[in-house]
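Student: I'd like to learn how to read the features of a structure like this one. Could you walk me through it?

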Amino acid sequence: MIPAASFAGKQVSLFGLGGSGIATARALIEGGAQVLAWDDNPDSVAKAAATGIATADLRGADWAKFSAFVLSPGVPLTHPKPHWTVELARGAGVEVIGDIELFCRERTLSAPAAPFIAITGTNGKSTTTALTAHILKASGRDTQMGGNIGRAVMTLDPPKPDRHYVVECSSYQIDLAPSINPTAGILLNLTPDHLDRHGTMQHYASIKERLVAGSETAIIGIDDSWCAQIAERLERAGRQVIRISKRLPLTDGYFADGTNLMEAVHGRYSKVAFLEGIGSLRGQHNAQNALAAVAACLKVGLDLGEIQSGLESFPGLAHRMEQVGRKDHVLFVNDSKATNADAAAPALSSFPRIYWIAGGLPKEGGIEPLRGFFPRIAKAYLIGEAAPAFSATLGEAVPYEISGTLAAAVAHAAHDAARDDSGEVVVLLSPACASFDQFKNFEVRGEAFRQAASAIDGVKPIGGAR
């Protein structure tokens, strides 16, 4: 735990008593603050009170006594309208912050030299965070990973000069972290997302920009116009900016040339790393993730040998193009996290011949946006509520069957793929659907795929498969 000593002796209000909220309250108490916490869920209040956290309905609190109000990132700050606690805090002139802000203040207070890599973007945050942390750990650095991935940030070990922090930040968390100041700030990409919570794309982008604007070095993917404009704006303001691109050669920065990761300095190119043969980093989207990780790790002092070694040993994230097994020329890949068409596109773009398992609880738009990948699909195996609609979209373009269940789909796809003599083929679960018609969540669905694939006679697990 990181004691929040910056609020020692002060009164702090807190709303949101989920796992991270309770962890944040404990960190404040450990640091010497007096905390008064609340939640709209009575069960959450009771759970917090049972751990010794003082609770009371904040509607009746004396807000003039509070030095700060700590808000859970899941609670609306601005849109569709501010939560009632936010209005009370603002009416009393109390600053509204989140746990990432507490972390930043504690690092600044106790170990400002501690390397701090913060990652955001619409897509790829978790993979880039996990990859960066893996490279650092594999090199022998003292490494802490948390934030929007894994552990709540205040449950990490306390800052010290040689301790490296890799923190994934959602837009909600950045919005509550006005002094965020990473050593290396990464902004991967921007596409419309969470607009119900941010109102407009412009507002969403401006929040994401804060992370890199406050960083010592801003690492920005420039393959979309929003991020390209942010890079230009920060550079004009005198910030240090490193551009990365997964598809364009750059004059200065880092870019992907096939599976080679290149550095450009005034138009002169050199290879800094490669992804050839690294199955967990297959695909153009992972090239962007790797470029960001490489740039950040170089910034905090790693050498190219350490970085390449870390790339090669990265096991990948569960349920994100996770290679779970192989039988002869058939690879089994779990991409259960792909809960809509856009999320399924990276996996479909990464393999030349696919036995595709798709379906579940359908999202708006279905799989029509994936039509460009249909030539890669040898056959589709459709499951869940979306099966009839997906079959209508596939039509005559792709052979398909309505398998109904995931177990049947895996068995049938494995049988057909084994008879394919065209080279390496992939049995791919990338559903382009939510899981809730047949599974509790995408993790349970992915685990069911992993177990079904592993149960097939002759399938050997791949290193790193869970």
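Tutor: Gladly! Let's begin with secondary structure: helices (H or I, at least four residues) and strands (E, at least two) are DSSP runs, numbered from the N terminus. Here, D257 lies in strand β11, residues 253-257.

Student: What should I know about the model itself?

Tutor: It is a predicted model, in which local features need pLDDT of at least 70 and side-chain atom pairs count only at pLDDT 80 or more, while totals for chains, interfaces and linings use all residues. Residues are numbered from 1 along each chain as its sequence is written, and side-chain values use heavy atoms, with hydrogens and water left out.

Student: Is D257 buried, exposed or partly exposed?

Tutor: Buried means under 20% relative accessible area, exposed over 50%, and partly exposed in between (1.4 Å probe, protein chains only). D257 has 45% relative accessibility, so it counts as partly exposed.

Student: How many salt bridges are found in the whole structure?

Tutor: A salt bridge is a side-chain nitrogen of Lys or Arg within 4 Å of a carboxyl oxygen of Asp or Glu. The search of the whole structure finds 18 of them. One of these joins K299 and E216, whose closest N and O atoms are 2.8 Å apart. That pair links distant parts of the chain, 83 residues apart: K299 sits in helix α10 (284-299), E216 in the loop between α8 (201-213) and β9 (217-221).

Student: Which strands do K379 and E401 lie in?

Tutor: These two form a salt bridge, with 3.4 Å between the closest N and O atoms. K379 belongs to strand β18 (residues 377-383) and E401 to strand β19 (residues 400-404), so the pair ties together parts that are 22 residues apart in sequence. E401 is buried, at a relative accessible area of 18%.
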